[in-house]
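This briefing goes through one protein model, topic by topic. Please keep the sequence and the coordinates open while reading.

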Amino acid sequence: MKSANVLGLDWEGVITEYPTAMAALAQRFASCVIITQKRSLTPSQVARYLRTNPEAVALEICPSERQSDYQHWKAEMCLKHNVAFYLDDDPTVVNICKRQCIPAVLVGRIPMYVQELD
C-alpha cells in the first residue's frame, strides 16, 4: 500500500550508496522529491535509479546563490514539498530539518574504524 505522503531524498551519499533500498522505500510513497546539489541530475535518471516513472519524481537542485547555506535550503525544500520523511547523509541537514519538525533520518556508511571493532 502506497502512502499519499512525499518522500524526500538526498542524491549523493543516499540514493547513490543505497539505490536498491531507496528504490524499495520510494515505492511506498505516492511521490518522491530529490533535494540535491548535483547539477547534472535529471528526473529520468532519478526515475531509473528508483525504478519509478518520472512523473512521480520532483527534482530540486540547489541554486548557486544558496550553495553557502545549502543545509537550510534543503530544509526549505522539504517544507515546500510537504515532505513526510527525509533522508540525508549530512548531519547538519538532518538537525536543521528536525528543528523545523521535518522527520529526518541520517543515512551513511559505517566508518572503517567502527567496522574493525567487530
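Does D69 count as buried, partly exposed or exposed? At 24% relative accessibility, D69 counts as partly exposed. The model is predicted.

**Strands and crossovers**

- Strand β2 (residues 29-36) and strand β3 (residues 57-61) run parallel and are joined by five bridges.
- Within this pairing, I35 has E60 of β3 as its bridge partner.
- Helix α3 (residues 43-50) forms a right-handed β-α-β unit together with β2 and β3.
- Strand β5 (residues 104-106) pairs with β4 in the parallel sense, over three bridges.
- In that pairing, Y86 stands opposite A104 of β5.
- From β4 the chain passes through α5 to β5, a β-α-β crossover that is right-handed.

**Helix α4**

- Helix α4 spans residues 70-80, and its buried residues are Y70, Q71, W73, K74, A75, M77 and C78.
- These buried residues of α4 pack against β2, β3, β4 and α5.
- In an α-helix there are 3.6 residues a turn, so residues three or four places apart point the same way.
- After α4 comes N82, which has a positive phi, near 55 degrees.

**Salt bridges**

- The count of salt bridges comes to six.
- One of them links E60 and K80, with the closest N and O atoms 2.9 Å apart.
- Because E60 lies in strand β3 and K80 in helix α4, this pair ties together parts that are 20 residues apart in sequence.
- E60 counts as buried, at 13% relative accessibility, whereas K80 counts as exposed, at 56%.
- R66 forms a salt bridge with D69, where the closest N and O atoms are 2.9 Å apart.
- R66 also forms a salt bridge with E76, and there the closest N and O atoms are 2.9 Å apart.
- R66 has a relative accessibility of 19% and counts as buried, because the cut-off for buried is under 20%.
- E76 counts as partly exposed, at 33% relative accessibility.

**The aromatic pair**

- The structure holds one aromatic pair.
- It is formed by W11 and Y49 in an edge-to-face arrangement, at 4.8 Å centre to centre and with 70 degrees between the planes.
- W11 lies in helix α1 (residues 11-15) and Y49 in helix α3, so this pair ties together parts that are 38 residues apart in sequence.
- W11 counts as buried, at 4% relative accessibility, while Y49 counts as partly exposed, at 39%.

**The residue D90**

- D90 sits in the loop between β4 (83-88) and α5 (91-99).
- D90 is buried and has no salt bridge.
- The nearest side chain of opposite charge to D90 is that of K74, 6.1 Å away, and the cut-off for a salt bridge is within 4 Å.
- With neighbours within four places in sequence left aside, D90 is in contact with Y70, Q71 and L106.

Definitions and conventions:
Residues numbered from 1 in each chain as written. Predicted model: local features only at pLDDT ≥ 70, side-chain atom pairs only at ≥ 80, totals over all residues. Heavy atoms only, no water. Pairing = 2+ DSSP bridges. Helix = DSSP H or I, 4+ residues; strand = E, 2+ residues; numbered from the N terminus. Right-handed = clockwise from strand over helix to strand, strands pointing away. Buried < 20%, exposed > 50% of the residue type's maximum accessible area, 1.4 Å probe, protein only. Lys, Arg positive; Asp, Glu negative; His and termini not counted. Contact = heavy atoms within 4.5 Å. Phe/Tyr/Trp six-rings, centres within 6.5 Å; stacked < 30°, edge-to-face > 60°.
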